[in-house]
Amino acid sequence: MSLRSLRPLAGIQVVSLATNLPGPLAVAGLRDLGAAVIKVEPPVGDALAVAAPSWYSELTQGVEVRRADLKSRSGLEELTTLLDTADVLVTAMRPSAFCRLGLGDLSDRYPRLCHVEIVGYDGADEEVAGHDLTYQARYGTIRPPHLPLVPVADTVGGERAISAALALLLARGQHDSGGHQRITLDAAAYDSAAALRHGLFGNGAPLGGALPSYNIYATADGHIALGALEPHFEARTREVLDCDGTSAAYTRAFAAHTTAHWEDLAARHDIPLTAVRDAHPATAQTTHAPTAPTT
């Protein structure tokens with residue numbers, strides 16, 4: 001039985017002021033666990049709705065979206081009314097912007113509220129502006145002039161925000177009081193780059209091209225990704241391809257047939273191999289994609 005079907009957060013009320021990506025990812029995860037979510041957007045809405053409308057729609061499915069000007073008295077009153085019954089508050093703004101809302105005494109006014117605060121940086125840099133691109137650039141997970149293909153810091157930060165909300169709710173159940181947890185996207189980017197710092201990934205690293213059995217190869221009509229990392233997979237691949245397992249041998253073998261041929265062979269012989277596909281919606285493979293949330 002899945003956590004989604006168990007709905008462990010049924011009865012939990014979440015209020016989110018977070019736009020763009022990490023916050024919406026986080027509250028979508030809480031929604032999937034059964035929480036009721038109200039997302040309060042500024043009058044102009046969420047920029048994600050313009051940049052990626054299909055993703056915005058996916059993340060807000062089953063979420064009650066409201067528009068409110070929190071700089072106005074009426075907007076702030078609406079927010080405080082929501083917080084009166086909320087269990088979790090998710091924010092994603094600079095600390096100074098949050099204080100300007102007049103919520104600096106949040107824990108005093110709402111002692112059972114669990115506040116998950118998503119920021120770019122912590123400490124002396126907490127007011128420094130940033131986005132996923134700048135966080136990744138800082139820790140070497142992009143290669144100029146190419147832009148990242150996925151928002152690593154935002155995605156990991158969103159998952160950490162889910163974990164923080166769950167931990168705060170668990171602690172509240174034990175101590176009958178809420179709490180606050182700050183999630184920094186800079187830290188998420190730093191931790192995501194650990195494989196580079198420790199020499200596992202990157203040019204010439206074991207999983208960066210040094211191992212012939214863990215690499216990308218051209219086929220007769222495309223490319224495949226071979227992940228025969230464990231010795232038994234690597235031995236089986238050499239046996240099935242009848243080659244010595246060097247990069248040159250794999251290159252010659254894979255180039256001789258189509259991608260479909262190699263995927264079929266891999267399925268029959270239990271080899272971790274798949275086609276390198278375009279992620280464009282028109283050609284995206286959704287066989288293993290998670291089921292869309294239902295409401």
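1. First, a term: a residue counts as buried when its relative accessible area is under 20%, as exposed when it is over 50%, and as partly exposed in between (1.4 Å probe, protein chains only).

2. Some housekeeping. This is a predicted model, where local features need pLDDT of at least 70 and side-chain atom pairs count only at pLDDT 80 or more, while totals for chains, interfaces and linings use all residues. Residues are numbered from 1 along each chain as its sequence is written, and side-chain values use heavy atoms, with hydrogens and water left out.

3. On the overall layout, the domain assignment gives domain 1 (3-196) and domain 2 (214-276); such bounds come from an automatic or database assignment. The C-alpha centres of the two domains are 42 Å apart.

4. Now the charged pairs. A salt bridge here is a side-chain nitrogen of Lys or Arg within 4 Å of a carboxyl oxygen of Asp or Glu, and the structure holds 19 of them.

5. Have a look at Lys 39. Its salt bridge with Glu 41 has the closest N and O atoms 2.6 Å apart, and Lys 39 is buried, with a relative accessible area of 1%. Lys 39 also pairs with Asp 46 (2.9 Å, N to O), and Asp 46 is buried too.

6. Glu 41 has another partner, Arg 67, with the closest N and O atoms 3.2 Å apart. This pair links distant parts of the chain, 26 residues apart: Glu 41 sits in strand E2 (residues 36-41) and Arg 67 in strand E3 (residues 64-67). Strands are DSSP runs of at least two residues, numbered from the N terminus.

7. Put together, Lys 39, Glu 41, Asp 46 and Arg 67 form a network of salt bridges.

Technical notes: Helix = DSSP H or I, 4+ residues; strand = E, 2+ residues; numbered from the N terminus.
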